[in-house]
Amino acid sequence: MGIFSSIKNAIFGGDDDKDEKSAGAAAGAAAAGAAAASAAAKPAPISEVDVEARLDAKPGADKLNWRTSIVDLMKLLGLDPSFSNRKELAGELGDTDYSGTAEENIWLHKKTMQELAKNGGKVPAEFLD
């Protein structure tokens, strides 16, 4: 699993959470009847996740500048914001020559927010410019 996947799972909920919800839904549907079970077996459409609300709700969000800082965003999510992890994230998002400059970190934050939006996240426009 890459760094972006770790970020996405920390905000959207990991695959383990989805598996538990699906298992619970399937068990309840089986009790309701065979027709309901087959309907519940189909994956439900993914609704948009309010990224800003989820991040604001995390403990310590008010003490970190996660809205503009990739380092603070990673800290808020419990991820190591080391240079090597940011370099790996930059590579995943298309910057194979990341050196850790302020401009690159700003780009990395915006690109991370853009990718979250592409993956079903509702991200405010000011995070995307």
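Predicted model: local features only at pLDDT ≥ 70, side-chain atom pairs only at ≥ 80, totals over all residues.
Reader: Which residues is Glu 115 in contact with, leaving aside its neighbours within four places in sequence?

Author: They are Phe 4 and Leu 93. Contact here means heavy atoms within 4.5 Å.

Reader: What makes up the chain, in helices and strands?

Author: There are seven helices and two strands, and from the N terminus on they run α-α-α-β-α-α-α-α-β. Both kinds of element are DSSP runs numbered from the N terminus: helices are H or I with at least four residues, and strands are E with at least two. Of the chain's 129 residues, 33% count as buried.

Reader: What makes helix 1 oblique to helix 7?

Author: The two helices pack at about 60°, with their axes 11 Å apart. Angles run from 0 to 180 degrees between N-to-C directions, and the axes are lines fitted to C-alpha atoms, for helices over the stretch in contact. Under 35 degrees counts as roughly parallel, over 145 as roughly antiparallel, 65 to 115 as roughly perpendicular, and the rest as oblique. The angle therefore makes helix 1 oblique to helix 7. Their crossing is right-handed; that word is used if the near helix is turned clockwise from the far one by less than a right angle, and left-handed if anticlockwise.

Reader: Which residues make that contact between helix 1 and helix 7?

Author: Helix 1 brings Phe 4, Ile 7, Lys 8, Ile 11 and Phe 12, and helix 7 brings Thr 112, Glu 115 and Leu 116. By class they are five nonpolar, one polar and two charged. Nonpolar covers Ala, Val, Leu, Ile, Met, Phe, Trp, Tyr, Cys and Pro; charged covers Asp, Glu, Lys and Arg; the others, Gly among them, are polar.

Reader: Why is helix 1 called roughly perpendicular to helix 6?

Author: Here the angle is about 95°, and the axes are 8 Å apart. That angle is why helix 1 is roughly perpendicular to helix 6. Ile 3, Phe 4, Ser 5 and Ile 7 of helix 1 meet Asn 85, Glu 88, Leu 89 and Glu 92 of helix 6.

Reader: Which residues have the most contacts inside the largest nonpolar core?

Author: They are Ile 11, Val 51, Leu 55, Trp 66, Leu 89, Met 113 and Leu 116, in a core of 24 residues. Such a core is a set of buried Ala, Val, Leu, Ile, Met, Phe, Trp, Tyr and Cys residues joined through side-chain atoms within 4.5 Å. Helix 1 gives the most to this core, with five residues.

Reader: How do you know that Leu 55 is buried?

Author: Its relative accessibility is 0%, so Leu 55 counts as buried. Leu 55 lies in helix 4. Beyond residues up to four places away in sequence, Leu 55 touches Ile 11, Ala 61, Trp 66, Leu 73, Leu 76, Leu 77 and Met 113.

Reader: Why is Asn 119 called partly exposed?

Author: Because its relative accessibility is 33%, Asn 119 counts as partly exposed. Asn 119 is in the loop between helix 7 and strand 2 (121-122). Not counting residues up to four places away in sequence, Asn 119 touches Phe 4, Lys 8 and Phe 12. Asn 119 and Phe 12 are 107 residues apart along the chain, with 9.6 Å between their C-alpha atoms.

Notes
Residues numbered from 1 in each chain as written. Heavy atoms only, no water. Buried < 20%, exposed > 50% of the residue type's maximum accessible area, 1.4 Å probe, protein only.
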